[in-house]
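Please look over the structure below before reading the points. The notes that follow take up one region at a time.

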Amino acid sequence: MVSPAPLRDQSKRRVCYYYDTNVGNYYYGPGHVMKPHRIRMANELILSYGLYQNLSIYRPLPASFEAMTTFHSDEYITFLRDAKIDNLNSFGASKGKFSQNNDDCPLFDGLYEFCQLSCGGSLAAAIKLNKKKTDIAINWMGGLHHAKKSESSGFCYTNDIVVGILELLKFHKRVLYVDIDIHHGDGVEEAFFDTNRVMTVSFHRFGNFFPGTGDIKDVGIYNGKLYSVNVPLSDGITDESYQKIFVPVMEKVMEMFDPQAVVLQCGADSLYGDRLGKFNLSLRGHGACAEFFRKYDVPLMMVGGGGYTPRNVARCWAYETSIAVGIEVPNELPFNNYYEYFGPDYKLHIEPSKVLKNDNSDQKLHELQKEIYENLSQLDKVPSVQMQPLENDTLPVLEFEDIARDEENPDVRLPMSIMDSCQHNDADFYDDENGGDDHRNEANGRLSTDS
Amino acid sequence: MDEDASRSSLTDEEDYVDDNDNDNGEDYEATIEEEELLDDDGDYADELKGWNFFAFLLSFTCITFCITSDLEDEGEMTIEELQRKYGYNPPGNAEETADDGNSAGDSSSAAHEHSILDLGNSQSGYEDDDDDYAPPDPWKRTIRVDPVLFQADVPDIGKSQATDAREDDVVLWVSDNTNPPSDEVLNSYLKDIVELRKTHDQSVPPAGCESRDDEDALCALYRNNFDTEKAKESFPFPHINAPFRTVRPDALGFSEEESKIFEESLQMYGKDFALIGKMRMPYRKVGELIEYYYQWKLTPSYRVWREAHPQHVPVVQPHLSAAWHQQAADNGPFTEPSTSEGPSTLSN
């Protein structure tokens, strides 16, 4: 039986943060509830709290056509790139071809760019984690979990999460995806429905609620059978009830699946007071999910998602950034460029409702847990490393590195994942293969070439 | 699709599109329910009938309601009634929705199993020889299965180089390095920068906001290898995270004349910034209008504009809406929670 990774001490994690200031300047259209400006408001709080100092900040390269088509079809990305309102017909874009609902997912100015930034952030985060250069990577521009291979849905056009996970899968055998948005993470589940290399776990409102998938009976198919987990919930769930089901389910998942990387979608529409949702979570209950994964010594990617009351979205993601860096921030919001939006209280934390009825009884939650446990216990237990001889397909990353190092052709630059683990000899003329030009390690470079 | 026609119908819509559109903290209503109570027009009971709950935003989705209401009626009939209607022999118990945690025994799991193995949309048709079949709830959807059309191509592990051309992410600041500056050094550096900015007439955060990080200053420090003196020498700093894609780098701030045009356009076209740009300010990028909009909302002129155009002002709500009061009456006395759902000062 595999025990969870030992609890690491609660202090420092390396955290990388991906953000592009353009993102707040895209607008879905008049009357649309999805407002990218909320991401800018979150960034503003993070800056104002002084959290920047504890993060590594990157402006990600926009994802290329090739990067996005690692998941999406060429035809669909071409459509996103080239479609304008007056040439829709040339794409045969009848209603339903690239979108179930053209009003949820309108064509807006800069749509393709927006998608590139969203995917670019998640892709950069995944690559950073692959190179083991960070413990936690954050992309609040991402988390758009409804987008499908050839179809936009639920305000999502490109699925940055799938693109990011596909990158992680190049170096991690098993990736866990956890979705705490109030809506079922259908785009990600569908993408990985038939594989056992990605386990998708979604906690969501189920029952006459968008998108209509996420039944507890949906467990995956073919090789992916039992690798999709769905936790259907009802309105009014509180912090306490949520943790009552989240913790046992996730502990079991960590035990049975033993992921090598985790992607956590932090959709903020599961908070109390969201314009589209009727859950009753506070920031603490929501953030407890991020805290849960921080306890495990496993690479973590945190992405955004839903959230339709912008001031609460900003609060939530700023708070969860503070959790990632392990710094407690005061409840009094710091003055910032959007301070007025946080009235009348100007506090970070929100009070959940005391009158909203919780339709999730302890009994119901217990039954959900029971059924999920029954499914999870049927999973082939992941063998622990020590107990089995290495097979050809286990730990290939290790083998790849060893072999590559041995067989290195001095004329060919080795991949970063190997270079990072190489020690350099002070006698070398250059401190590393980059010819002393690696600006990330400029401090190091200085020290050795100065001598 | 005639986008312009749909836009005009949107602006005709009383509520959700423009006037009561909750922007950035101006929510008086915590939920859709409370917002609905603002408006006496329209029957919102029908909303929950269709599976598409976003559809309420737009007037022409009543078509969707018509289509799904027949299915909804069927969804409310018992299985027995439905099967009698379509000529089947009623089997055992009815399939239950997943809201109810009770598993209704074998027949419901059999019905679900059917939906898992059903490769494709199970709403696509009836199978006449399947006794257990029952039309699913109209809001339900199934995950589609087809390795080419729907599932992702999972890459093999260990076969890729990690150098996948991502060295181009712009690094603004690195906190994790072998010799990071201490918090004291960083804070005193940032304080010095505030002073520097003051002497150069640049804007600074108000007193009491020393916790705010200065992006440009941190980036300058990083690019000077954490040498605070060198970084200060390189002042003034470039605005390192400027939104150059959506805002032209040489864009000027909005003049008084432009602000006037902007406010008039809002009145005329609503928050359709692409249209406003096209009609009145074609030299501006749409992103500049959006950026200005969110800044303008914080200014006094916004309040003036709101007062001048009362039809755009949402009705001021009491701290808790009538819905909550009703629920409280049902549940007994409660203390009024202090929440963030109350009207923000933007409304005043």
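1. UniProt positions are given here in the numbering used in this note, feature names are shortened, and annotations may be inferred rather than shown by experiment. With that in mind, the unreviewed UniProt entry places the feature "domain: SANT" at residues 255–301 of chain B. The end C-alpha atoms of that span lie 13 Å apart, and the span is 74% helix and 0% strand. Helices (H or I, at least four residues) and strands (E, at least two) are DSSP runs, numbered from the N terminus.

2. Some ground rules. This is a predicted model, in which local features need pLDDT of at least 70, side-chain atom pairs count only at pLDDT 80 or more, and totals for chains, interfaces and linings use all residues. Residues are numbered from 1 along each chain as its sequence is written, chains are lettered from A and ligands numbered from 1 in the order in which they are written, and side-chain values use heavy atoms, with hydrogens and water left out.

3. In chain B, the axes of helix α10 (residues 273–280) and helix α11 (residues 286–296) come within 9 Å and cross at roughly 115°. Axes are lines fitted to C-alpha atoms, for helices over the stretch in contact, and angles run from 0 to 180 degrees between N-to-C directions. From α10(B), the contact (heavy atoms within 4.5 Å) involves B:Phe273, B:Ala274, B:Ile276 and B:Gly277, and from α11(B) it involves B:Val286, B:Leu289, B:Ile290 and B:Tyr293. By class these are seven nonpolar, one polar and no charged residues. Ala, Val, Leu, Ile, Met, Phe, Trp, Tyr, Cys and Pro count as nonpolar, Asp, Glu, Lys and Arg as charged, and the others, Gly among them, as polar.

4. Turning to chain A, the unreviewed UniProt entry places a "binding site" at A:Asp104, A:Gly154 and A:Tyr308. These positions span 205 residues in sequence, yet no two of their C-alpha atoms are more than 13.4 Å apart, so they gather at one spot. A:Gly154 sits in the loop between β3 (136–139) and α5 (160–168), and is buried at 4% relative accessible area. Buried means under 20%, exposed over 50%, and partly exposed in between (1.4 Å probe, protein chains only).

5. A:Tyr308 belongs to the loop between β8 (300–303) and α9 (310–325) of chain A. This tyrosine is also buried, at 5% relative accessibility. Beyond its neighbours within four places in sequence, A:Tyr308 has contacts that include A:His183, A:Asp269, A:Asp274 and A:Arg275.

6. Helix α4 of chain A (residues 111–130) has 20 residues and reaches 29 Å from first C-alpha to last, close to the 28 Å expected at 1.5 Å a residue. The expected span is 1.5 Å times one less than the number of residues. Of the 20 residues in α4(A), 19 are buried. A:Gln116 lies in this helix and is buried at 16%; leaving aside neighbours within four places, A:Gln116 touches A:Pro62, A:Ala63, A:Ser64 and A:Met68.

7. Which backbone angle stands out at A:Lys132, a residue other than glycine? Phi is positive there, near 60°. A:Lys132 follows α4(A) and is exposed, at 54%. A:Asp258, in the loop between α7 (239–257) and β7 (261–265) of chain A, has a positive phi of about 50° and is partly exposed at 27%.

8. Two cis peptide bonds deserve a check. One joins A:Phe210 and A:Pro211, with omega about -5°; another joins A:Gly343 and A:Pro344, with omega about 0°.
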